[in-house]
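I opened this entry to look up the pocket, the ligand and a few backbone details. My notes follow in the order in which I took them.

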Amino acid sequence: MTELETTARALVAEGKGILAADESDGTIKKRFDSIDVESTEDNRRAYRELLFTPDGIEEFISGVILFDETIRQSSSDGTPFPKLLESKGIIPGIKVDKGAKPLALTSDETITEGLDGLRARLEEYRGLGARFAKWRATYSIASDRPSEYCVWTNAHALARYAALCQEAGIVPIVEPEVLMDGTHSLEDSARATGRALQALYTELHDQRIDYRGTLLKPNMVLSGYEASNRAGIDEVADATLEVLYKHVPAGVPGIVFLSGGQTDEDATAHLNAMNKRGAHPWELSFSYGRALQAPALKAWVGKSENVEAAQRAFHLRAKLNGAARTGMYAPEMEREAVPA
Ligand code: 13P
């Protein structure tokens, strides 16, 4: 097995998944605004330290996606974050895209930027300890969206990123995110997701990517958040699996879903329902940002005396998602108190 495949498989080891803690400056500011905490460099550092240090978190967390600032920061005892994570057996990763920007000559679609200079940045990140990376493209759903233009330009960029990663010995997580804002139906969501995936795997193949050294980070197929009669847990699980079976090659070792604004409990329940229907050709796991962090953020509110409570809240979310990896989650487990 190549080093890339070994790393990809370790990231989707049984019972484990990925913590996405790679919020850009703008996004972390939004999260901190929601708890009335100022987004200073030290507050960001303290918050990330809280997430990386709960005892036993490595039982459920295989890897953490870091932001450029975070991969250069250290814990309060001076240990660089990538070293701290490695010492717990957690694999450090890095967000390398530069964000979704307006796609020229469209009214409201985006193209993800960040390819210029990427080869040199990947080399530096590997030196800092990163063994996997992430690039996120976004697509919205409306009568004329996503356009073929948006689907194919983003697929091309995702594949260029993935090729540079594999050349650098870094596992690319490819993240085509169909956004779930709006009133669209489950069927609309399935169609848009299928189109984005089909274009992505066409480009990955054409650009010589070895699927075995990659992971896919897709949205789940949901009804739009503002739709009436939204699909339930089982319908979402079935619709998501159907799209994945149609479009994702079996050589991909794992599919690590994003949470995309679902409630914590829905994100866990959907993953659980899909794993209950297994075995599948790929591991089905999580790479959640909000759905893993929300309770911890709320418990912390920027106060050092709340760090332990916040860590317990995060530990519980990680444990429940770990259970969903094997279809062993039940909603009653939400009430379980984590020992201090
Ligand atoms: P969410 O789980 O909050 O959607 O974040 C995952 C992520 O990394 C988005 O790029």
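**Pocket and ligand**

A pocket here is an open set of points on a 1 Å grid over the protein atoms alone, where a 1.4 Å probe fits, with protein on both sides within 12 Å along at least five of seven lines; lining residues have an atom within 4 Å of a point.

The lining has 35 residues, and T27, R31, R136, E177 and R290 are the closest to the pocket centre. The model is predicted: local features need pLDDT of at least 70 and side-chain atom pairs pLDDT 80 or more, while totals for chains, interfaces and linings use all residues. Residues are numbered from 1 along each chain as its sequence is written, and side-chain values use heavy atoms, without hydrogens and water.

I sorted the lining by class and got 11 nonpolar, 10 polar and 14 charged residues. Charged means Asp, Glu, Lys and Arg; nonpolar means Ala, Val, Leu, Ile, Met, Phe, Trp, Tyr, Cys and Pro; the others, Gly among them, are polar. At least two lining residues come from each of α2 (25-33), β6, β7 (171-178) and β10. Helices (H or I, at least four residues) and strands (E, at least two) are DSSP runs numbered from the N terminus.

Where is the ligand? I found the ligand in the largest pocket, meaning that more than half of its atoms lie within 2 Å of the pocket's grid points. Around the ligand I list 13 residues, of which K134, K217, S259, G260 and R290 come nearest; near means a heavy atom within 4 Å. This shell has six charged, four polar and three nonpolar residues. β6 (132-139) and β10 (283-288) each give the shell at least two residues.

I then checked polar contacts (N or O pairs within 3.5 Å). A ligand oxygen lies 2.5 Å from a polar side-chain atom of K134. For K217, a side-chain N or O atom is 2.7 Å from a ligand oxygen. At G260 a polar backbone atom is 2.7 Å from an oxygen of the ligand. The protein covers 92% of the 300 Å² of accessible area that the ligand has on its own (Shrake-Rupley, 1.4 Å probe).

**Backbone**

Which bond is cis at P146? I noted the peptide bond from R145 to P146, with omega near -5°; P146 is in the loop between β6 and α7 (148-167). The G278 to A279 peptide bond is also cis, with omega near 5°, and A279 lies in the loop between α10 (264-276) and β10. L105, in the loop between β4 (100-102) and β5 (110-112), has a positive phi near 70°.

Terms used. Polar contact = N/O pair within 3.5 Å; in protein donor to acceptor, adjacent residues only side chain to side chain.
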